[in-house]
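Please read these notes with the structure open beside you. Take the points in order and find each residue as it comes up.

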Amino acid sequence: MSDTTGNTSPYQNILVAGGGSWGTALATLTARAGMATTLWARNADVVAAINEQHDNTVYLPGIPLPETLTATTDLPTALEATDAIIFVIPAQYARENLAEMRRITGGKPLPVALCCKGIERGTGALMTEVIAEAWPEAIPAILSGPSFAADVAKGLPTAVTLACADQSSGERWAQTIKAPHFRPYLTADMIGAELGGAVKNVLAIACGVVEGKGLGESARAALMARGFAEFQRLGVALGADAQTMAGLSGLGDLILTCSSRQSRNMSLGYEIGQGRTAQEIIAERQTVSEGAASAGPLMKLAGEAGVDMPICAAVAELVEGRIGVDQAILGLLARPLKKEGAPD
């Protein structure tokens, strides 16, 4: 679908779908900018805390939220007045929730900014492919880049990529989410933007393993560089733009997510490097590590594209319990020597 109105003014009635830390941060952003913002979540405790205490005590505790931000568990009512959706539900649950929204709205062509960073299990579909199938009338955009939820909610300087094939909708989204501390850069390259967000989560697990295993900063730097090369190969094969891959949603997000245990994916890798299994770590967490769910589908996507991604493949085997950390490291180090720039 396309927004043919030519209107470039901000969207005024925003529904943020997803009550986790990132959804709460983005809802805070638009509410502070004066947009009527409703956050929809299934967790009644999250909704009550936002409405009564102005604090997401479950996923983003201790950061005061705007009193104008309201939360609800009632999706049909929340959708009645909205003219744009910020979609922050984890990738593996995106299809069912997008289909439900389509059913409730009667297939209304609403703008939907996809903020989940992952690849669908089973199908290997990117999120733009999922929304095209689940809600074909929607006008999709991708919001991605180096941005921790707490930083955005606190008003710390952040820059992101906003990808939208529809120019008018992209400009309206930019006007909607921009703030003195939050700067979106527009692009039409949706594949590059969403692929960067998915791949960097897988690579962050690998970098966490390096830190947890005590392999040193040199090893992590090498892993990031070679991981970025893997991402570039896949991006080129799928038609992504080199500028996007080297920009905020690609290299920028990779640097952030692979450098701090504030990243759920890197912290998962760190614990794996310390000797725990991915399954036991994930089972005790309230938050979702998208990289663990996306590693297998990423390898399916790479296989179909004929692209070799040995680091990401090792992560997929690690999180699925098929190999251990030592075996993964030895496997990567034992690969034949190559010229830099050649496939691994």
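**Notes on the model**

1. The side chain of K117 reaches the backbone oxygen of G145 at 3.2 Å. A polar contact here is a pair of N or O atoms within 3.5 Å; within protein, one must be able to donate a hydrogen and the other to accept it, and residues adjacent in sequence count only if both atoms are side-chain atoms.

2. **What kind of model this is.** The model is predicted: local features need pLDDT of at least 70, side-chain atom pairs count only at pLDDT 80 or more, and totals for chains, interfaces and linings use all residues. Residues are numbered from 1 along each chain as its sequence is written, and side-chain values use heavy atoms, with hydrogens and water left out.

3. **Around K117.** K117 sits in the loop between β5 (111–114) and α5 (127–134). Helices (H or I, at least four residues) and strands (E, at least two) are DSSP runs, numbered from the N terminus. K117 is buried, at 13% relative accessibility. Buried means under 20% relative accessible area, exposed over 50%, and partly exposed in between (1.4 Å probe, protein chains only). Leaving aside neighbours within four places in sequence, the contacts of K117 include S144, N201, D253 and E290. Contact means heavy atoms within 4.5 Å.

4. **The annotated site.** Which residues does UniProt list for "binding site"? The unreviewed entry gives K117, R264 and N265. They span 149 residues in sequence, yet no two of their C-alpha atoms are more than 12.4 Å apart, so they gather at one spot. Of these residues, K117 is in the lining of the second largest cavity. A cavity is found on a 1 Å grid over the protein atoms alone, as a set of points where a 1.4 Å probe fits but cannot get out; lining residues have an atom within 4 Å of a point. UniProt positions follow the numbering used here, feature names are shortened, and annotations may be inferred rather than shown by experiment.

5. **N265.** N265 is found in helix α12 (residues 264–273). Is N265 buried or exposed? N265 counts as buried, at 5% relative accessibility. Beyond four places in sequence, N265 is in contact with N201, A204, I205, S289, E290, G291 and A292.

6. **The annotated domain and S21.** The unreviewed UniProt entry places "domain: Glycerol-3-phosphate dehydrogenase NAD-dependent N-terminal" at residues 14–168. The end C-alpha atoms of this span lie 17 Å apart, and the span is 36% helix and 21% strand. S21 is in helix α1 (residues 21–32). S21 is buried, with a relative accessible area of 15%. Not counting residues up to four places away in sequence, S21 touches Y59, L60, A149 and R264.

7. **The cores.** A nonpolar core is a set of buried Ala, Val, Leu, Ile, Met, Phe, Trp, Tyr and Cys residues joined through side-chain atoms within 4.5 Å. The largest one has 44 residues, of which V199, L234, I272, L298, M309 and V319 touch the most other members. The largest share of this core, eleven residues, comes from α8. A second, separate core of 38 residues includes V16, A25, L143 and W173.

8. **Helix α15.** This helix is mostly covered: eight of its ten residues are buried. Among them are P310, I311, C312 and A314. The buried residues of α15 pack against α8, α9, α12, α13, α14 and α16. G321 follows α15, and its phi is positive, near 75°.

9. **Aromatic pairs.** How many aromatic pairs does the structure hold? There are two. Rings of Phe, Tyr and Trp (its six-membered ring) pair if their centres lie within 6.5 Å; planes under 30 degrees apart count as stacked, over 60 as edge-to-face and the rest as tilted. The rings of Y11 and W173 have centres 5.0 Å apart and planes at 65°, so this pair is edge-to-face. It links distant parts of the chain: Y11 lies in the segment before β1 (13–17), W173 in helix α7 (residues 167–177), 162 residues apart. The rings of F228 and F231 have centres 5.9 Å apart and planes at 55°, so that pair is tilted. F228 and F231 both lie in helix α9, three residues apart, about one turn of the helix.

Note on methods: On a 1 Å grid over the protein atoms alone, a cavity is a set of points where a 1.4 Å probe fits but cannot get out, and a pocket is an open set with protein on both sides within 12 Å along at least five of seven lines; lining residues have an atom within 4 Å of a point.
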